[in-house]
Amino acid sequence: VSSVQLGSGHFVADVKRALEESGLPADQLELEITERILLQRDASTLAELHELRALGVHIAMDDFGTGYSSMSTLRRCPMDVLKIDRSFVAGVGKITKDTAICASIIDLGHSFGLDVVAEGVETFEQREHLARLGCDRGQGFYWSQAVDAAAATAMLRHNLHIPPASTVDEVALVISQRKQVPARAMADDSPVATMLRGLLRIRSADQAALLLQNAAVAFGGVLT
């Protein structure tokens with residue numbers, strides 16, 4: 001989400017309309033904002049973010065660690081996810097300072113009750129080190145390069161061996177047997193279980209694109 005969008009005066013209405021037209025549940029949508037935008041915008045931005053959260057939309061702070069966020073910003077801003085900037089992830093496990101920064105962001109995010117996502121994970125070693133640090137999720141070329149909605153849907157179904165008419169319970173059983181996600185992630189109210197329900201009931205490419213933009217990495221990118 002850009003600063004211009006947040007300052008348009010009709011961004012929340014645009015999101016509501018998009019959700020209604022697509023049929024996508026609000027809790028399947030995750031919007032990313034950078035910490036720089038939070039510093040540039042005024043109180044009206046926080047009000048818009050609170051409105052979005054009230055709808056059920058998830059908010060992620062992107063590129064965390066590259067701006068100048070204070071603890072006050074994190075405390076005031078309605079947030080669900082912190083995303084560690086790839087510049088720090090690239091050195092995790094190799095560069096002491098980068099590893100320390102990643103560990104600090106993970107601990108900080110968890111202390112605020114937030115999920116933490118590592119951006120730009122490209123190697124098995126990075127994935128393993130982030131998992132040991134307690135990072136919740138990751139995204140990057142380690143799992144896949146960027147693909148369109150149709151390719152992502154086919155990849156998820158193929159990798160998880162999901163027949164087109166599978167139920168959520170059947171999918172959950174496949175995943176738990178393959179141990180691709182932790183047992184706690186399959187709880188009824190967990191993000192992964194919710195995303196599975198969304199994937200199974202969405203049929204059009206446009207709706208799948210909205211879901212997969214938020215959900216695709218969770219199937220391959222759950223780190224712990």
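**Close-up views of the model**

**View 1. R127 and E128 up close.** At 25% relative accessibility, E128 comes out partly exposed, where buried is under 20% relative accessible area, exposed is over 50% and partly exposed lies in between (1.4 Å probe, protein chains only). Its partner R127 is buried at 18%, and the two form a salt bridge with the closest N and O atoms 2.5 Å apart. A salt bridge here is a Lys or Arg side-chain nitrogen within 4 Å of an Asp or Glu carboxyl oxygen. This is a predicted model, so local features need pLDDT of at least 70 and side-chain atom pairs count only at pLDDT 80 or more, while totals for chains, interfaces and linings use all residues. Residues are numbered from 1 along each chain as its sequence is written, and side-chain values use heavy atoms, with hydrogens and water left out.

View 2. Strands (E, at least two residues) and helices (H or I, at least four) are DSSP runs numbered from the N terminus.

**View 3. E32 meets K83.** Their side chains form a salt bridge at 2.4 Å, N to O. E32 sits in strand 1 and K83 in strand 3, 51 residues apart. E32 is partly exposed at 27%, whereas K83 is buried at 3%.

**View 4. R53 meets D80.** This salt bridge has an N to O distance of 3.6 Å. It ties R53 in helix 4 (residues 43–55) to D80 in the loop between helix 5 (71–76) and strand 3, 27 residues apart. R53 is partly exposed at 31%, while D80 is buried at 17%.

**View 5. Helix 8 and the residue after it.** In helix 8 (residues 124–133), the buried residues are Q126, R127, H129 and L130.

**View 6. C135 without a disulfide.** The whole structure has zero disulfides, meaning cysteine sulfur pairs within 2.5 Å. The closest cysteine sulfur to that of C135 is in C102, 7.9 Å away and too far for a bond. C135 is buried at 0% relative accessibility.
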